[in-house]
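Hi,

Here is the structure I promised to pass on to you. Have a look at it first, and my notes follow below.

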Amino acid sequence: MDVKTLQHKFDASLTDLPSLGMDVHSMVEDFRRYYTHTLGRDRHSRSPHYAYQALVLSLRDRLMERWKNTRYAYEAADSSHAYYLSLEFLMGRTLGNAALNIGLDETAELAMRCLGLELEELAELEHDAGLGNGGLGRLAACFLDSCATLQLPVTGYGIRYEYGMFRQLIRGGEQVEEPDHWLREGNPWEVERPEYTQRVRFEGRTEWVRNNGSSQPRWVETHDVLAVPYDVPIPGYHNGTVNTLRLWKACSTDEFDLGEFNAGLYPESVAAKNSAELITLVLYPNDTSESGKELRLRQQYFLASASLQDILARWVGTHGEDFTDFAEKNRFQLNDTHPSCAVPELIRLLMDEHGLAWKEAWEITSATMAYTNHTLLPEALERWSVATFARLLPRLLDIIFQINADFLAEVARRWPGDAERQRRMSIIEEGEDPQVRMAYLAIVGSFSVNGVAALHSQLLIEGLFKDFYELWPKKFNNKTNGVTPRRWLSLCNPDLSQLITETIGDDWTSNLSKLTGLAQFINEDNFCNRWREVKQENKRRLAQMVETECGVTFNLEAIFDVQVKRIHEYKRQLLNVLHVIHLYDRLKRGDDADWTPRCVLIGGKAAPGYYIAKRIIKLINNVAAVINNDAVTSDRLRLAFLPNYRVTTMEIITPGADLSEQVSTAGKEASGTGNMKFMMNGALTIGTLDGANIEIREEVGAENFFLFGLSAEEVEELRGYYDPAAIIAADEDLRRVVQLIESGHFNQFEPGIFDPILHAITSPDDPWMTAADFRSYVDAQQQVAETYRDKEQWTRMSILNTAASGRFSSDRTIAEYNREIWKLESLPPVTGEH
């Protein structure tokens, strides 16, 4: 019997496997089998981790059937496919979300109780998959959830970092970074796929050889690295679809040099292995050093090359070397500038590996790449030294030079003689150390460029990318971000979800616009009372976490005022703590008439090399130590900094917050997604006209949003005339706050440590204009305090925020991406024989 016949018989046998039961008895039996036979445990086992693993394997089996059927559906339809390339995927924990999406959350809970176990306790044993830094990575995770829920053929591609975002400790008020080895006990959700391993090239040189009368490029003398894929299932909500997130791990082409090992040169014998594995060792190495920058570039190219090779191999396996329809059937979404190497890499692969001519390779690339920009900060638009590129990726640099030459020729035809415009728009920034502008490369090589909130997209075409917009206005569009309601309402806030379902039905989970139906109940006493009861229970959970993690007791009757996000000057955690100092000063002066108790929670990580952000964390902790140990403040004011903020803690924070702090300098935040999560769970927002805050305010109504601060236009108008010293002198409250910091009241035994912060506040060059917005912020906070004292009014506003949050579902965002960019067909999984 030949191999093909054997393969056919084997494939046919797979269709005869019985479906796995979705009932409690079947789950219990599978758990027992995995626990005793696969994991080899018995009643003497002391570690609950094996019970967690047995449960995951039982759930994963049920995902496998659906995963296979989804893949068969895509193959049978020969469907168009989109690929989401992102250097970050902040997935968090998988257990609860997977069980919810395949409809086994209640079944799994009952099955564990039959075994004397608690599902919630087992879920706590899962390590957060911290493969992201913040909003960018969490957005990518939400998008994958929505793609599966909408049954769109979309595959995510990322990196399987051995160590995720660092674990943040607070010692002496300072941030201390420790490695987050999230894989130390393995990841039972992933499936290694070594058969799809790809080879990624670095260094070497380009040589040109004659072939059929023409010169052909070859990338030779390279140092290669293997990219080994690990697949993670991404289940849609109650629809049988399971999409794939493929994560790449870097491995050496050889484990070690046996000759050097036998010669006693032990470190040298494994040098190549260690060098290769470094690429996927750590998420975002500190790039303040040249070696850190080089590693970042290696990571970015490694992701792009491995992913594109994988996709092309799949195409060739189905269509052969015919790329006629490739552009029609494939879309690559670049999540920010990090995967921009995909533009020249796709051209290289099509030309060097598949024999296409430049013109055809360029037409395919520019018709398949789509770029999402996530920043308005010019310094955040990545640039890499041409010298570094020439050494690490010489063949890619050849291609980038050619792309740039063709592009500048087009610019010259459009604006003849405008050398200054050519200089501004060039992909290569000239100078003593020429740089490759990666965002420009992405724009030139893509057919679609989108921002992530209406204001952000508008500011892009008016500022950073104005020249490109004038050349290609039809390329640019907006796709306001969203978050998945499955994780950020159903899973993290089950009591509120149950109340909503009892009130308006359960369709809202996959059609969040249905939440508008809640608005008609804002004057029904029973519903409002239950809403308040749910919020109080969620506040109790949050207060318990704060006490455990921070040693600070929160008063449940106080307003829970929350700001959790990456620590950055433009996000203005500093403005928040200045307001807290102002409230402390009021209490110390006896200015406490009609006082509203307030508990302020701040959390977030600062980049290891970001000095001023780490100083802000230190200030927050020092201020907290003073306030929380002062008898005058008692239950009236508390401040806590939550260490190691991550997805899992956000799932407790979001339901328990009363007030959402979205206080970035207007014109600096691209969108934000934390603002959407808080809104969805009934928190009210205090914020500037920045990012998605504008659209949140439009949806919920100005009367249900606490607005303050300068607009983006006013910020720009003030530049060059900004005089914080005069602002401080004219505002007694701000003057007192600054004087308290200057006096060393919060750092009595650490002289001078907050001088950089004082300089930032008082400098006319402060781009974040903290002092300029202080008075408006304090006034808005006073309005918050007054409104919160009216419990009925606050509850109505809370309900209306949730009711208006439907626009901020990632399902809506992904539907827009698909309708206007990807143009994919929704495909349910096939069942039966294949």
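Let me start with the aromatic residues: Tyr 83, Tyr 157, Trp 248, Trp 315, Phe 323, Phe 326 and Phe 332 form one aromatic cluster. Please keep in mind that this is a predicted model. In total, the structure holds 25 aromatic pairs. One of them joins Tyr 469 and Phe 476: the ring centres are 5.9 Å apart and the planes stand at 75°, so this pair is edge-to-face. Tyr 469 is partly exposed, with a relative accessible area of 30%, whereas Phe 476 is buried at 12%.

Next, the sheet. Six strands form an open sheet with parallel pairing, in the order β22-β21-β20-β23-β24-β25. Strands β22 (637–642) and β25 (706–707) are at the edges and have a single partner strand each, so one side of each is left without a neighbour in the sheet. Further in, β20 (residues 559–564) and β21 (residues 598–603) run parallel and are joined by six bridges; Ile 559 stands opposite Arg 598 in β21. Helix α25 (residues 611–628) packs on the sheet, where it touches β21 and β22, and its direction makes about 145° with that of β22.

Finally, a helix pair. The axes of α33 (residues 770–789) and α34 (residues 791–803) come within 5 Å and cross at roughly 105°, which makes α33 roughly perpendicular to α34. In this contact, Val 784, Thr 787, Tyr 788 and Arg 789 of α33 meet Lys 791, Gln 793, Trp 794 and Met 797 of α34. By type, the contact residues are four nonpolar, two polar and two charged.

Best wishes

Note on methods:
Residues numbered from 1 in each chain as written. Predicted model: local features only at pLDDT ≥ 70, side-chain atom pairs only at ≥ 80, totals over all residues. Heavy atoms only, no water. Pairing = 2+ DSSP bridges. Helix = DSSP H or I, 4+ residues; strand = E, 2+ residues; numbered from the N terminus. Contact = heavy atoms within 4.5 Å. Axes fitted to C-alpha atoms, helices over the stretch in contact; angles between N-to-C directions. Parallel < 35°, antiparallel > 145°, perpendicular 65-115°, else oblique. Nonpolar A, V, L, I, M, F, W, Y, C, P; charged D, E, K, R; others polar. Phe/Tyr/Trp six-rings, centres within 6.5 Å; stacked < 30°, edge-to-face > 60°. Buried < 20%, exposed > 50% of the residue type's maximum accessible area, 1.4 Å probe, protein only.
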